[in-house]
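Reader: Could you walk me through a helix packing and some salt bridges here, one question at a time?

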Amino acid sequence: MKRFPRMTAAALVFTLLLSITGCGASDGKTHLTFQIWDVAQRDGMQAICDAYTAQHPEVEIEVQVTSWGEYWTKLEAAGESNTMPDIFWMHTDQILYYADFGILADVTDLYADEDPNYYQNHFSEISIGNASGSDGRMYGVPKDKDNIVLVYNKEMFDAAGVSYPTAEWTWDDLTDASQKIYDATGKYGYMAYNDEQLGYWNFVYQNGGYILDPETNIHAGYTQPATADAIKFYVNLQKNDWCPDQNYFAETSPGTSFFSGMGSMFLEGSWNLLSELQNFPDMVGDWDIAPLPKCPNPASGDGRGTISNGLCYSTAAKGKNLEIVKDVLRFFGSEEGQRIQGESGAAIPAYLGQEESWSTVFNSFDYVIDVQVCYDQFDNAVQYINNASRRKWKSTVADEMVKVYSGASDIDSALTRMQEIADSYVTAE
């Protein structure tokens with residue numbers, strides 16, 4: 001097995017202390033740990049664990065939550081020392097790194113006795129891809145799936161006399177409505193945040209461009225004409241008075257601005273919608289969601305597209321409770337396990353046919369946002385952008401985008417550098 005880069009001794013000791021499981025506990029049960037990074041999903045994850053325990057009372061599973069940054073620091077240290085949690089979430093940005101190092105258990109044959117084609121029969125190609133390693137093997141059980149939607153403030157649209165966004169909206173409608181809302185209310189229109197998944201990636205694919213060559217998923221496409229045109233369009237939105245610049249976003253996120261009544265539209269991930277309804281009860285009924293506006297004149301395609309990602313449940317290749325954990329993962333990926341996740345509101349289940357179980361929790365609000373938008377957009381979903389080398393060039397490319405937004409670099413020169421940076425790792429490998 002390859003070795004991870006060395007962590008500091010302090011981080012390693014900290015991880016060792018937090019990673020001890022209760023195997024061999026005095027109550028005679030097997031105690032498993034399950035680490036996640038989103039406190040909003042803790043209850044939902046515990047509900048799935050409790051459902052498993054109800055069927056297997058000899059197993060107890062404790063859900064542990066840490067922050068996003070701490071999560072990966074601890075997990076990497078635990079991977080080096082073979083003291084990983086029994087079960088943990090894996091993100092698309094990280095799965096190739098951990099899988100290629102031999103840290104994750106191969107779960108390709110997890111359902112072989114039940115159905116050799118279980119994954120193909122019950123999960124989309126995108127969900128399977130997000131749980132696969134570079135070798136095409138499965139290193140996680142698909143957990144959920146998501147996409148990006150347009151969140152809009154109904155009151156600001158009403159004040160400006162602008163009709164609410166529809167599935168036929170285009171980029172032109174987005175900019176036109178932004179100007180009218182700004183003129184009528186003095187509030188921001190669409191807030192074009194410098195982000196990939198929640199920003200320009202969606203516009204690139206709507207225009208028929210790509211970040212990674214769709215045929216090989218190896219070479220970048222930053223200088224491809226359709227890609228460059230879409231990025232230019234997105235970046236130049238901040239030149240309008242109705243769009244904050246990135247200095248504003250350095251202090252205030254688009255979501256914070258929106259829910260404080262400062263802006264009328266922003267892009268949001270489906271995974272955040274429930275928590276926003278819960279965290280801003282006074283705003284319930286004042287906002288809703290719509291499909292992403294489509295490109296009016298795409299270089300290719302129909303102008304639609306939304307980035308879709310999804311987490312998976314993983315375990316360590318050398319975990320001391322491996323066989324028990326594999327049985328837990330089988331349940332997590334079952335129709336029942338996925339339904340429990342959906343009904344808890346944790347996330348949209350990855351399991352085909354269980355997506356709308358996620359609607360259950362939204363029906364408890366006085367105003368029900370149009371979550372059908374999320375389900376419908378899976379027809380236009382684009383798999384989250386990733387390959388084995390992207391982890392190495394991701395931050396450097398992001399730095400180039402910051403220079404573009406600040407005016408320190410012109411877009412064409414920056415895109416050329418971004419292309420060279422990404423492709424340099426392909427050449428090196």
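**Helix packing and salt bridges**

Author: Helix α9 (residues 196–206) packs with helix α10 (residues 225–236) at an angle of about 135°, and their axes are 8 Å apart. Axes are lines fitted to C-alpha atoms, for helices over the stretch in contact, and angles run from 0 to 180 degrees between N-to-C directions. Helices are DSSP runs (H or I, at least four residues) and strands are E runs of at least two, numbered from the N terminus. This is a predicted model: local features need pLDDT of at least 70, side-chain atom pairs count only at pLDDT 80 or more, and totals for chains, interfaces and linings use all residues. Residues are numbered from 1 along each chain as its sequence is written, and side-chain values use heavy atoms, with hydrogens and water left out.

Reader: Is α9 parallel or oblique to α10?

Author: Angles under 35 degrees count as roughly parallel, over 145 as roughly antiparallel, 65 to 115 as roughly perpendicular and the rest as oblique. The angle here is about 135°. That makes α9, relative to α10, oblique.

Reader: How many salt bridges does a search of the whole structure find?

Author: A salt bridge is a side-chain nitrogen of Lys or Arg within 4 Å of a carboxyl oxygen of Asp or Glu. Side chains of opposite charge can pair when their charged atoms come close. For the whole structure, the number found is 16.

Reader: How many residues apart in sequence are the parts that D93 and R390 tie together?

Author: The side chains of D93 and R390 meet in a salt bridge, at 2.6 Å from N to O. D93 lies in helix α4 (residues 92–100) and R390 in helix α18 (residues 390–406), so the separation in sequence of the parts tied together is 297 residues.

Reader: Is K394 buried or partly exposed?

Author: K394 also has a salt bridge with D93, at 2.9 Å from N to O. Buried means under 20% relative accessible area, exposed over 50%, and partly exposed in between (1.4 Å probe, protein chains only). D93 is buried at 11%, whereas K394, at 30% relative accessibility, counts as partly exposed.

Reader: What is the distance between the closest N and O atoms of D109 and R137?

Author: D109 counts as exposed at 54% relative accessibility, while R137 is partly exposed at 31%. They form a salt bridge, and the closest N and O atoms are apart by 3.6 Å.
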